[in-house]
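Hi there,

Here is the structure I promised to pass on. Have a look at it first, and my notes follow below.

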Amino acid sequence: MTKYIYAFSEGSQAMKDLLGGKGANLAEMKRLGLPVPDGFTITTEACIEYLKHGSTLSNELKEELHNQLAAFSERTGKAFSSNENLLLVSVRSGAKISMPGMMDTILNLGLNDENVEKLADKTGDARFAYDCYRRLLQMFGQVVYGIPMNAFDQYFDKYKEEHGYEVDADIPAEVLKEISDRFKEIYVEEVYKPFPQEPLKQLTEAVEAVFKSWDNDRARVYRDLNDIPHDIGTAVNVQEMVFGNSGDRSGTGLAFTRNPVTGENKLFGEYLLNAQGEDVVAGIRTPKEIATLDSQMPDVYQEFVDVTEKLETHYKDMQDIEFTIENANLYILQTRNGKRTAKAAMKIAVDLVDEGVITKDEALTKVDVKSIDTLLHPAFEEKALEAAEAISEAGLPASPGASTGKVVFSAEDAKTQAEQGEKVILMRPETSPEDIEGMVASEAIVTTHGGMTSHAAVVARGMGKCCVTGCSNLNIDTENKVVNYHGKEIHEGDVISVDGSTGNIYLGEIETTSAEHSEEFDRFMQWAEEAARLGVRMNAETPADIQAGYQFDASGIGLVRTEHMFFGAERLVQMRRFILASSKEERVDALNEIRKYQTEDFEEIFRLSNGRPTIVRLLDPPLHEFLPKSEEEIQIVSNQLDVQPDVLKKRLNDLHEVNPMLGHRGCRLAVTYPELAEMQAEAIIGSVMRLQAEGIESKPEIMIPLVSTVEEFKTLKDTIQTTISELEERENKTVNYLIGTMIETPRACLIAGQLAQESEFFSFGTNDLTQLTYGFSRDDAGKFISEYINRDLLTIDPFQTLDVDGVGQLIKTAVEQAKASNPQIKIGVCGELGGDPKSIHFFNDLAIDYVSCSPFRVPGAILAAAQSQVESERLVGANK
Ligand code: PEP
Ligand code: MG
């Protein structure tokens, strides 16, 4: 018989798959002898079974639950039915991978009309007993019966306001009893059934609700966003309650062992006395900094500090710890590796290496590749910032970044407007898990309530999204869509700028500058480069991009798209002369002009590359991309080129293609116009010769695009070689260069062995290869791919992440064939997938030499390459 429930004392850290992260860590903390309230965990397997088969818990599971409760009662001396020692429990979800705010918690479970009185008598504190009860009614109602939290909150807040209670702790017992009675009526009004009085019924319904919540929309969105599989289920932790709301010697809080924003090695957290559960993160009362506890309860504080140190050493990582104090006794309710900003992740990883806690390889696995992006993001330009008008000087810098956008007041509006291409800033009193999609869609998030550990702060940090919380001087009125501050107003659609690094907010748009490098960043990236097997080059052609890529330590240029160099007005005229020419002489004439520009551009590129390998690709796109479209443009071009508009139109008509992506493009251009390849080869090698004269070394690699036959490649290779030989002879100089091909048609993959005999290098163009393998137009597929993904017809967008089963297999076949027929051949990947972390894992396992991506993706690609290598070496080690 499968065992579905484990007491904390039966589990360990290693049982995460079965017990979920929270359950496994609770068990581990028990093993470490830390003060953890007793409890048990219902496994993820039980959840998977439930979701597969049932709408109620199986008899098998119910029976096990009974037995576990009996054993639990024995251990704690408490029971649901006991008058003297009443058992109350918390019920919390806990998946293998932490999903903050995604799943739900119920506290004080077991209370009912009868035993709440007994609890009041026993503790001599009726206020406490009824405070627990009204909280249970609220949480249970929301989590299990889906009653909107607002239904309770509105009544509670109104009552407080009408009766002048400033804080919850001021509300006396009889009033809390009255509120509880009203809450029970809300059940009947909202869901036509009463609150279940039987504790066991409460427990089974709560367990079912947690199981079901695994499949709710916001959990799915979070999993999609974080690449968490949908089929691993959640565990449920049932734990004896300890009460942070039982007076002024009690409290609740959470702390990170290091600062999750900056990475500083200093305890960072918040707590509230006489409070329970979500009070700290809900932002209703302003929590105190953790260090203050030292003066309020020095012994408890010292014990807590000792626990945090023990946990960090044990887990070898920064911990995020939840605790409760009950009558001056400390209890630890949760520990997990803390979410952190990219900046903090890097600092913590580097510090842990310096402190001798972890190795460099381990450090590399502690920074999420996706988060690297945020380090490279711009900040506001200093001068522009000085001139800007601040609207909130008092917000908390919850998650760094600098963003500008139009104000919206609901997650829905954020989503809709973002879909229409607007950049939006979401402003809310506080956020809740329902807002997740709106948060994803926004450039930044601003809240009035909540501290550094509020939902908004934690989730935004996880997403690497700019966020400012605790702006208490802003009154955000979501109903009337207006923010009031210092007698002024901001309305929906107004543009504001948010600085997540300082907590300031400004009116209007502010210019930004690129990100600065920290010392930790450089050291960390150095380790990543040392660990990575794959090289990382950049796709770039402008000097600014190339400089950025080399600053990030790109090992060369993997793709210069020469067509990007023709868009300047003067160049375009010459390009158009070339395309519209009616004879070879006219064409060559125009190309002679273009050669001058190209030689200058290549000279700049090779100068910046300074001896690093640089791939220049021959012209690739269909030629009509360079031609005028509107009547007005046609008129202008006919004047510029001195041809009649009719003649021009006829030529445009001749060039029209039904399927330009499958038409006269790629190497086919140079096959039909060899003079194009001649001009480009001459410009490339000519520029190298000029630099030779200055003593600057270059490594040109000339690449032929969209090849599908060996003959195409050989013809063009011959043209290029002949051109270069003639140039060398004329100039009396020699240049070392390579000629290679892109592999971006399925046919090229299948004949890779033959192509490799002719070609000195390959570069996979995964954009075209994906397009041609699926038959999905890369320019139009966006219209249906999201629907395919929503309906589970595709699990990924294959233009963003490699389709391992199809495109991946073509690449694998091609690499194997190529290396077998030409072991010297160098192989790279220069499509978009070259910068995608998941795809990089696949490429690392093949005999591919490098990937190439846009400059700002270079650090992420280096880290992904390093992580793949560390992981595959670990697996090799483990299998020895
Ligand atoms: C490709 O097809 O993957 C590629 C790099 O070329 P382009 O995107 O320029 O077609
Ligand atoms: Mg291509």
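**What I found**

Glutamate 603 is buried, as its relative accessible area is 14%. Please keep in mind that this is a predicted model. Glutamate 603 sits in helix H23, which covers residues 584-609. Leaving aside residues up to four places away in sequence, Glu603 touches Ser687, Arg690, Leu691 and Glu694.

The last of those contacts leads to a residue in another setting. Glutamate 694 lies in the loop that links helix H27 (674-693) to strand S27 (699-704). With a relative accessibility of 46%, glutamate 694 counts as partly exposed, since that class runs between the 20% limit for buried and the 50% limit for exposed. Beyond residues up to four places away in sequence, Glu694 touches Glu603 and Arg607. Glutamate 694 and arginine 607 are 87 residues apart in sequence, and their C-alpha atoms are 10.0 Å apart in space.

Helix H23 turns up again around another helix. Helix H21 takes in residues 543-551, and its buried residues are Ile546, Ala548, Gly549 and Tyr550. What covers them includes H23, together with strand S24 (535-539), strand S25 (557-561) and strand S26 (613-617). Just after H21, aspartate 553 has a positive phi of about 70°.

**The magnesium site**

Which residues coordinate the magnesium ion (ligand 2)? They are Glu744, through OE, and Asp768, through OD, at 2.0 to 2.2 Å. Glutamate 744 belongs to the loop between strand S28 (738-743) and helix H29 (746-750), while aspartate 768 is part of helix H31 (residues 766-774), so the pair ties together parts that are 24 residues apart in sequence. Are these two residues buried or exposed? Both glutamate 744 and aspartate 768 are buried.

**Towards the start of the chain**

Leucine 19 is in helix H1, which runs over residues 16-31. Leucine 19 has a relative accessible area of 1% and is buried. Not counting residues up to four places away in sequence, Leu19 touches Tyr6, Gly11, Ser12, Ala24, Thr41, Thr43, Gly94 and Ala235. Leucine 19 also pairs up across the sequence with asparagine 237: the two are 218 residues apart along the chain, yet 8.5 Å apart in space, C-alpha to C-alpha.

**The chain as a whole**

The C-alpha trace spans about 105 × 70 × 50 Å along its principal axes.

Of the 880 residues, 56% are buried. Among contacts with a separation of 6 or more, 68% are between residues 24 or more positions apart. The protein chain exposes about 37400 Å², and carbon and sulfur atoms supply 46% of that area. As for charge, there are 88 positive and 144 negative charges, and their mean positions are 3 Å apart.

Happy browsing, and do write back with any questions.

Best wishes

How values were computed:
Residues are numbered from 1 along each chain as its sequence is written. Chains are lettered from A and ligands numbered from 1 in the order in which they are written. This is a predicted model: local features need pLDDT of at least 70, side-chain atom pairs count only at pLDDT 80 or more; totals for chains, interfaces and linings use all residues. Side-chain values use heavy atoms; hydrogens and water are left out. Donors are N, O and S atoms within 2.8 Å of the metal (3.2 Å for Na, K and Ca); water is not among the atoms, so sites may look incomplete. Helices (H or I, at least four residues) and strands (E, at least two) are DSSP runs, numbered from the N terminus. Buried means under 20% relative accessible area, exposed over 50%, partly exposed in between (1.4 Å probe, protein chains only). Contact means heavy atoms within 4.5 Å. Accessible areas come from the Shrake-Rupley method with a 1.4 Å probe; for residues, only the protein chains shown count as cover. Lys and Arg count as positive and Asp and Glu as negative; His and the chain ends are not counted. The place of a charge is taken as NZ of Lys, CZ of Arg, CG of Asp or CD of Glu.
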